[in-house]
Amino acid sequence: MRIKALVLTMFIALAAIGYAGVSYAQQRVTLIIDAEVSDYLNNLAAPLLRAAELNPENVNVHLIQDNTINAFVNSQQDIYVNTGLILKAETENEVVGVLAHEIGHMKGHHILRIMNASDQVALPTILAGLAGIGVAAAGAPDAGVAVMAGSQAAGIAHLLKFSRSQEQQADQIGVNLLDATDTSSQGLKDFFSRLRTNELMYYKTPPAYLMTHPRSSDRESFLDRAQTKPHTVTKEEAARFARIQAKVAALTASTGQVRRLYMEEDSGPADYVRSIAFAMQGKYSEALQFLDKAEDKLSDDAKPYVEELRGQIALDMGKVTDARDYFEKALDMKPSSMLLRFHYARALTHTGEYDKSITQFNRVIRQRPTWWLPHYNQGLAYGKAGKKGLSHLAFAESNLYRNNAKDGLFHISIAQKYLNEETKENGTDNTLSLQKAAQVQLELEKLNN
């Protein structure tokens, strides 16, 4: 099996997924699960979240495979960033500025307010990008609002005005958060300046009252009035951002595109990209050669992810013990990384160290309890360890968080059967597991109804 980006395709409600009784339009998105990029984005967001009096441990920044420049929030726990934003931003400070804006939506509790407003207006769908930056580099789907007529038009216009108000407030909160963390808002201003150029180049901007967001020119004017210090890009910041852009390009672009982008470049990020590209083709010898070259040129903060890539390559080559060792080394360097721990836990399953694997998956689950994938992989580890009841319980939880009630109820019934049998035959104390199974069953039955 060749190395590839770990992706998850899912549906996201365009406004407020996860709130009972809300039936909003949904958009199919593909999440890219990569430890390095995830850690990078969450590290950028953490100081801003703390300044907003939000716990960074309760908020996750996700990467979406989408070439448009966009970012949005859809709950008080999740921020989504498009790959296009990373690839087309010119500095790390621009990405920080966009994250500050999105956290401004969280700080302002705009999701709940939008829900209340839309209930009053009775929209058939929630317009795309309602809760985000909302301007795409090419096409601008949320700017091309359809012509409206009759009483519904008045209702929609009211909601759009409400949305613009929230966007302006998020801009103000975002600037306040940047000031509170001693971060320049120059990147946010530069970002809006480039979006304004795109508006002029790629499409005819509709009247401001028909836009879900303020014009980029209006946002530029606001930032001109805001007091901000200039941003100086340090050598370390430039190197880090170049590496992240290269990683995102390697994970999302075709091999041919990657080679064209980095063919002539002699740098750590370029060698890193070539290594990933060769690995994704199954050319592991060439991948490792370029990875060795890249490691000598990359900064120390890249080292855990170099070891992670070595682990992925070793796993694909069937060298499971080597893979485990590489992942363990990566995790030792970056113990706070949830995704590095996830990969290490999977490698432990491959080497037959099931108890250690289960323990590591538990630590991942404590960090993100509603992510279905660690529950599923823990179920595999339990099954290989001969613990059938706990295996099916983990599979049931996995299906619960995938909103798959039918399969979840199937697994929970098997889990309860085995757990009860173990208690009767071996005297195993499965009291807590049976209580957990009963709770999962209730949640699945609610979901099924």
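Guide: Let's begin with a cluster: Phe342, Phe361 and Trp371 are linked by ring pairs. Rings of Phe, Tyr and Trp (its six-membered ring) pair if their centres lie within 6.5 Å; planes under 30 degrees apart count as stacked, over 60 as edge-to-face and the rest as tilted. The model is predicted, so to speak of local features requires pLDDT of at least 70 and side-chain atom pairs count only at pLDDT 80 or more, while totals for chains, interfaces and linings use all residues. Residues are numbered from 1 along each chain as its sequence is written, and side-chain values use heavy atoms, with hydrogens and water left out.

Searching the whole structure gives 6 aromatic pairs. One of them, Phe278 with Phe290, is stacked, at 5.6 Å centre to centre and 15° between the planes. This pair links distant parts of the chain, 12 residues apart: Phe278 belongs to helix α10 (residues 268-280) and Phe290 to helix α11 (residues 284-297). Helices here are DSSP runs (H or I, at least four residues), numbered from the N terminus. Phe278 and Phe290 are both buried, meaning under 20% relative accessible area, with exposed over 50% and partly exposed in between (1.4 Å probe, protein chains only).

Turning to charges, the charged end of Arg402 sits over the ring of Trp372, 4.2 Å from its centre. Likewise, Lys417 has its charged end over the ring of Tyr418, 4.7 Å from the centre. For this, NZ of Lys or CZ of Arg must be within 6 Å of the ring centre and within 35 degrees of the ring normal.

Methods
Helix = DSSP H or I, 4+ residues; strand = E, 2+ residues; numbered from the N terminus.
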